[in-house]
Amino acid sequence: MSGQIAPAGAGRHHGVMMNGSRMALVVLGMHRSGTSALAGTFARLGFGAPRLALDASEDNPGGFYESAPVVKANYDVLQTLGAFWNDCFNFDPERVGAHMPEAIVAKLAGVLEAAFDPDRPPVLKDPRMCVLFPLWARVFARLEMTAPVLLMLRHPAEVTDSLVRRNGLPATGAAALTLHHMLEAERATRNAPRALLSYDELLDDWQGLVRRAVRETGLNPPRDVAAAKAEIEAFLDQTARHHNAWPGAPMPGAAPVARLLEQAWKALVFLARVPGDGMSMAVLDHVHGQFRAIRKNGALRALIIDEAGES
């Protein structure tokens, strides 16, 4: 698969190392899943925030921790493929990794090098990277960087509800986007050092989450947890949680999407508890195949159009 991470190597930028290699900490997760809170937490542990970040917003007052140039570069790649963050069903992310021209890889590498302070390992976050990670794996290889991944999980009902309210998406469309991003991010990062983390875990026990992320990925935060404790807790206290779903809440969307989302969510939750569990990944592969089929045969688009017409 395309999720291979570069072998160790020295470099002149981003000088903090991991196992002898430069590193970038990658935060993946669907829009509205808590990735901003996760990235902000690790920024306070000494990872580099972007030089030019997207502005905070009313619904995300703590900030997005997304580099504006990186977001623009990812937007351009998706647009080249005829896709957008909210309409990215018609391309194969694995093909993106293997077949994109080397010039695009070089351009992204330049964007990354310029986007962050060279003295600290960057925390790199943009939800579009869930479907573009195979391409970014080539960027990390070109720069001889390791890229441990923190994959954020949040109950799909909460994510979907937030997307429906904020972006006006049909529930089935929002649910399908959530499923698509989760499946592609998990599948593309199997060969990367990674930890699957949850939004609930971050808000309930952020120190336990950090310990687990360190244990499962091998990353070493530049700043001591004790020194950052007060700052992190003040930051997380302002993290707004407007959408809550009880653990057994029904999955959103029309029946085919809700059924696949239920299967994927259960597998992801188990995989977070038991990293590398083969049965969970087999379930996710099965869901991936079924979801790909309804994307390719037009059934998904028909469901979304029908629902939009009824609203």
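How many aromatic pairs does a search of the whole structure find? Point 2 gives the count.

1. Ground rules. This is a predicted model, in which local features need pLDDT of at least 70 and side-chain atom pairs count only at pLDDT 80 or more, while totals for chains, interfaces and linings use all residues. Residues are numbered from 1 along each chain as its sequence is written, and side-chain values use heavy atoms, with hydrogens and water left out.

2. Aromatic pairs. The search finds 5 aromatic pairs. Rings of Phe, Tyr and Trp (its six-membered ring) pair if their centres lie within 6.5 Å; planes under 30 degrees apart count as stacked, over 60 as edge-to-face and the rest as tilted. One of the pairs joins F42 and F47. Their ring centres are 6.1 Å apart and their planes stand at 55 degrees, so this pair is tilted. F42 and F47 are both buried. Buried means under 20% relative accessible area, exposed means over 50%, and partly exposed lies in between (1.4 Å probe, protein chains only).

3. Why are W136 and F140 separated by about one helical turn? Because they are 4 residues apart in helix 5 (residues 129-142). Helices (H or I, at least four residues) and strands (E, at least two) are DSSP runs, numbered from the N terminus. W136 is buried, as is F140.

4. Helix 1. Residues 35-43 make up helix 1, which is mostly covered. Of its 9 residues, 9 are buried. Among them are T35, L38 and F42. F42 is also the ring that pairs with F47.

5. A charge over a ring. Where does the charged end of R44 sit? It sits over the ring of F235, 4.0 Å from the ring centre. The rule asks for NZ of Lys or CZ of Arg within 6 Å of the ring centre and within 35 degrees of the ring normal.

6. Salt bridges. Side chains of opposite charge can pair when their charged atoms come close. Here a salt bridge is a side-chain nitrogen of Lys or Arg within 4 Å of a carboxyl oxygen of Asp or Glu. The count comes to 19 salt bridges. One of them joins R154 to E158, with the closest N and O atoms 2.7 Å apart. Both R154 and E158 are buried.

7. The network at E186. R190 forms a salt bridge with E186, where the closest N and O atoms are 2.9 Å apart. R194 meets E186 in a salt bridge too, at 2.9 Å from N to O. Salt bridges that share partners join E186, R187, R190, R194 and D285 into one network. R194 is buried at 12%. R190 is partly exposed at 24%.

8. Strand 3. Both faces of strand 3 (residues 25-28) are covered. L25 and V27 lie on one side, V26 and L28 on the other, and all are buried. In a regular strand the side chains alternate between the two faces of the sheet. Two strands pair if DSSP finds at least two bridges between them. Strand 3 pairs with strand 4 (residues 123-125) in the parallel sense over 3 bridges. L25 stands opposite V123 there. Strand 3 also runs parallel to strand 6, joined by 3 bridges. V27 has L150 in strand 6 as its bridge partner.

9. Strands 6 and 7. Strand 6 (residues 149-153) and strand 7 run parallel, joined by 5 bridges. L153 is opposite S198 in strand 7. Strand 7 (residues 194-198) is mostly covered, with 4 of its 5 residues buried.

10. Backbone points to check. Which residue has a positive phi of about 60 degrees although it is not a glycine? Y65 does. Y65 lies in the loop between helix 1 and helix 2 (68-80), and it is buried at 15% relative accessible area. E144 has a positive phi of about 55 degrees, and it is not a glycine either. E144 is in the loop between helix 5 and strand 5 (145-146). E144 is partly exposed, with a relative accessible area of 36%.
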